[in-house]
Structures are given as structure tokens and as C-alpha cells.
Amino acid sequence: MRVYLPCTLPALARVATVGELGPAPLTGYAVTPALVEWYASGDTEELEYVALTEAARASLRMIAEDRADGVKAPARRVVIAAEVPDDEVNGGADLEERARVRLSTAVPLSRIAAVHVDEEAATPDVEAAVSALPAADLGDDDARFTVDGAEANELLWYATQEIPDLIG
């Protein structure tokens with residue numbers, strides 16, 4: 001199953017160093033039966049884009065968490081696309097999180113198919129979105145609009161052999 005895992009550039013550097021994304025359990029996003037049922041008119045590509053977008057949204061929170069922990073995390077969303085055996089993926093029943101899944105094991109670098117990252121030009125929008133998260137969580141409509149604004153930037157696709165260039 002293709003799973004989209006939210007990440008940050010510092011976390012991606014750790015993946016490259018240790019050879020896996022972990023430790024488990026990990027939260028990811030995938031084309032789940034609940035997502036297919038909810039988005040019945042979508043084809044596989046559209047459904048995968050929904051899962052990727054959810055992971056990118058989660059990456060914003062990871063950037064904020066890294067910074068709260070004193071980690072210098074650039075304002076660029078990162079999503080790792082990985083092929084994970086179905087028996088290592090558990091889907092949730094929460095209707096609000098139709099695409100969210102939990103992985104029971106770490107993901108080795110060999111299972112990573114690609115990495116999706118914001119281009120540097122997206123940095124101001126991502127920075128604004130990270131700053132607006134607390135207010136958005138409290139229901140501020142302007143802050144939610146700012147958070148959603150980061151999604152106007154498409155993530156760029158990178159092959160796994162390009163990871164050293166991304167983190168260098």
C-alpha cells in the first residue's frame with residue numbers, strides 16, 4: 001500500500017543517516033476504504049492526492065513541533081511516499097480522518113518510493129501557515145485561511161537518490 005508520511009527536512013536527514021523512518025508507530029495517510037467511500041467519484045490518482053495533501057498538512061504541525069523542541073526546521077513541508085505491506089498498516093474509523101493510518105513498524109529507506117517537498121519559493125506561505133496554526137486550532141477563520149494558503153503551493157517530487165541534495 002502506498003502511504004504518505006508527513007516529515008520535516010531535519011527528520012528526513014535522520015532518515016538518510018539511520019536508514020529508516022521511525023520509530024513506530026507512525027501516522028501516515030493513504031487511500032483507505034473510508035476515503036474511497038467518502039470520495040466515490042475520485043479515481044486512484046485523485047484519492048492519492050487527497051492523502052498526500054493530508055500528509056502535507058500534518059507536516060506543518062511537525063515543523064511547529066520541531067521548532068518548539070529547539071530544532072531548526074525550515075519552512076518547507078515534506079512528505080515521504082512509501083510502499084508498506086498491508087499487514088503493517090491499520091486504518092482508523094474516525095470519519096474526520098478518512099485517510100489517516102497507523103504503521104506498526106518503522107519504514108526502511110528501501111521502501112521509500114519518493115519524497116515530496118515544497119520549493120523554496122513556498123517558504124513565506126509555509127512560514128505564515130506554521131505561525132497561524134495555534135489561532136486556526138482555536139477557530140480563527142483568518143488563521144485557517146492562512147493555513148490553507150500553504151496548500152496553494154504544489155509539492156515537488158524527488159527520487160530517493162536526490163535526498164542528499166535536499167538535506168545538504
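Leaving aside its neighbours within four places in sequence, which residues is Thr 123 in contact with? In this predicted model, the partners of Thr 123 are Ala 75 and Arg 76. Thr 123 belongs to helix α4, which covers residues 123-137. Its relative accessibility is 26%, so Thr 123 counts as partly exposed; the class lies between the cut-offs of 20% and 50%. Asn 153 is 30 residues away from Thr 123 along the chain, and their C-alpha atoms are separated by 9.6 Å.

Start with β4, residues 78-83. This strand is mostly covered, with 5 of its 6 residues buried. β4 pairs with β1 in the antiparallel sense, over 6 bridges. Within that pairing, Leu 5 has Ile 80 of β4 as its bridge partner. β4 also pairs with β8, again in the antiparallel sense, over 5 bridges. Val 79 has His 116 in β8 as its bridge partner, and Ala 82 stands opposite Ile 112 in β8.

Follow β8 onward. It spans residues 112-117. Of its 6 residues, 5 are buried, so β8 is largely enclosed by the rest of the structure. β8 is joined to β9, residues 156-158, by 3 bridges, and these two strands run antiparallel. Here Val 115 stands opposite Tyr 158 in β9.

At 1% relative accessibility, Ala 114 counts as buried, because buried means under 20%. Its contacts, not counting residues up to four places away in sequence, include Val 79, Ile 80 and Ala 81. Trp 157, Tyr 158 and Thr 160 also touch Ala 114. The C-alpha atoms of Ala 114 and Ala 159 are separated by 4.9 Å, although the two residues are 45 apart along the chain.

What does the largest nonpolar core contain? It has 24 residues. Those with the most contacts inside it are Val 3, Leu 5, Leu 12, Ile 80, Leu 103, Val 107 and Val 115. The elements that give two or more residues to this core are β1, α1, β3, β4, β6 (100-103), β8 and α6 (163-167). Of these, α1 gives the most, with 4 residues.

Ile 80 shows how one of these core residues is surrounded. Leaving aside neighbours within four places in sequence, Ile 80 is in contact with Val 3, Tyr 4, Leu 5 and Cys 7, among others. The list also includes Leu 12, Val 15 and Leu 21. Ile 112 and Ala 114 are in contact with Ile 80 too.

Next comes the second largest pocket. Its volume is about 310 Å³. The lining has 15 residues, and those nearest the centre are Pro 6, Leu 21, Gly 22, Leu 26 and Met 62. The elements that give two or more residues to this lining are β1 (2-7), α1 (9-18), β2 (20-21), β3 (26-30) and α3 (44-68). α1 gives the most to the pocket lining, with 4 residues. By class, the lining has 10 nonpolar, 2 polar and 3 charged residues.

Most peptide bonds are trans. The bond from Gly 22 to Pro 23 is cis, with omega near 5°. The bond from Ala 24 to Pro 25 is also cis, with omega near 0°. Pro 23 lies in the loop between β2 and β3, and Pro 25 has its place in that loop as well.

One more loop remains. Is Asp 86 buried or exposed? At 53% relative accessibility, Asp 86 counts as exposed, because exposed means over 50%. Asp 86 sits in the loop between β4 and β5 (89-91). The C-alpha atoms of Asp 86 and Met 1 are separated by 5.8 Å, and these residues are 85 apart along the chain.

Key: Residues are numbered from 1 along each chain as its sequence is written. This is a predicted model: local features need pLDDT of at least 70, side-chain atom pairs count only at pLDDT 80 or more; totals for chains, interfaces and linings use all residues. Side-chain values use heavy atoms; hydrogens and water are left out. On a 1 Å grid over the protein atoms alone, a cavity is a set of points where a 1.4 Å probe fits but cannot get out, and a pocket is an open set with protein on both sides within 12 Å along at least five of seven lines; lining residues have an atom within 4 Å of a point. Grid points are joined across faces, edges and corners, and a volume is the space filled by probe spheres set on the points. Ala, Val, Leu, Ile, Met, Phe, Trp, Tyr, Cys and Pro count as nonpolar, Asp, Glu, Lys and Arg as charged, and the others, Gly among them, as polar. A nonpolar core is a set of buried Ala, Val, Leu, Ile, Met, Phe, Trp, Tyr and Cys residues joined through side-chain atoms within 4.5 Å. Buried means under 20% relative accessible area, exposed over 50%, partly exposed in between (1.4 Å probe, protein chains only). Contact means heavy atoms within 4.5 Å. Two strands pair if DSSP finds at least two bridges between them.
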